[in-house]
Amino acid sequence: MTSTDARSEPETREYPGIDDVSVSLADGVLSVTLNRPDSLNSLTQDMLSAVAEAMEFAATDPAVRVVRLGGAGRGFSSGAGISEDDQNAEGHDAEGVLDAANRAVGSIVALPKPVVAVVQGPAAGVGVSLALACDVVLAADQAFFLLAFTKIGLMPDGGASALVAANIGRIRAMRLALLAERLTATEAHDWGLISGVYPAAELDAAVDKVLTKLRTGPAVALRKTKHAVNAATLTGLDDAFALEREGQLQLLVSNDFREGTRAFQQNRRPDFTDS
């Protein structure tokens, strides 16, 4: 993608994406949509890279005033795919997925324009990281958030250990990460994890209202505000990326992860044995 002068382009443009991530610009709003609804938008390396590329492009495109990040179908994202098909897919590279996730999350945080996450259904695993990297997180009351990593012998990644703790504090972050408990959207809002929760039928109208306010707001003031708040609260994000990457790469070759994925695929309780 290359940046173009918005003054010489139509107000509405379509941008290239990939089959599983659609990207379009209309009236200053860049919409980035995870488009793999049959798997609740489970994330591949290519999808994460496409998200990062869209954010990096938006950073230098004067036509973009605000970004909307959402998911197609009934969910936001179920996280990195761990189905048998995903694990055995040609070109699957666990290390590459980790790096692409960190790049995607980092690009959202670094983008000098506001990003609004729209969570109409489940957000799990690194899908939580993508949502919480955004500056405003709006959810339907039927949505939920789940850091399910320990259920399969893994640890949070995509900066989740920093992003969740920055929003709700250490003790609640530990509870979500260690116990892998599902948090409803209402609970997430009460805890301060997300910005707002709405009845499903009212979510789109609420999102449009926020997008309009940000799209027509003072771009420089919004940019400086985002930078200042992130500088004050996400000082440990790069360290989290590094620690999560190191730990996750070790866990991905562990007996517990092999057992955890087998148990998930066979719909049974895992028998973890590593110590």
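Close-up 1. R175 is partly exposed, with a relative accessible area of 42%, where partly exposed covers the range between buried, under 20% relative accessible area, and exposed, over 50% (1.4 Å probe, protein chains only). The side chains of R175 and E181 form a salt bridge, with 2.6 Å from N to O; the term stands for a side-chain nitrogen of Lys or Arg within 4 Å of a carboxyl oxygen of Asp or Glu. The model is a predicted one, in which local features need pLDDT of at least 70 and side-chain atom pairs count only at pLDDT 80 or more, while totals for chains, interfaces and linings use all residues. Residues are numbered from 1 along each chain as its sequence is written, and side-chain values use heavy atoms, with hydrogens and water left out.

**Close-up 2. A salt bridge between E56 and R103.** The side chains of these two residues meet at 2.8 Å, N to O. This pair links distant parts of the chain, since E56 belongs to helix α1 (residues 45-60) and R103 to helix α3 (residues 94-110), 47 residues apart; helices (H or I, at least four residues) and strands (E, at least two) are DSSP runs, numbered from the N terminus. E56 is partly exposed at 37% relative accessible area, and R103 is partly exposed at 34%.

**Close-up 3. R262 and E259 within helix α11.** The closest N and O atoms of this salt bridge are 3.4 Å apart. Because R262 and E259 are 3 residues apart in helix α11 (residues 255-266), about one helical turn separates them. R262 is partly exposed, with a relative accessible area of 39%, whereas E259 counts as buried at 10%. Elsewhere, salt bridges with shared partners join E95, D99 and R245 into one network, and the whole structure holds 7 salt bridges.

**Close-up 4. V67 in the largest nonpolar core.** A nonpolar core is a set of buried Ala, Val, Leu, Ile, Met, Phe, Trp, Tyr and Cys residues joined through side-chain atoms within 4.5 Å. The largest one has 68 residues, and V67 is among those with the most contacts inside it, together with L30, V32, V119, L130 and L193. Helix α1 gives the most to this core, with 9 residues. When neighbours within four places in sequence are left aside, V67 is in contact (heavy atoms within 4.5 Å) with several residues, including L30, V32, M55, A58 and L111.
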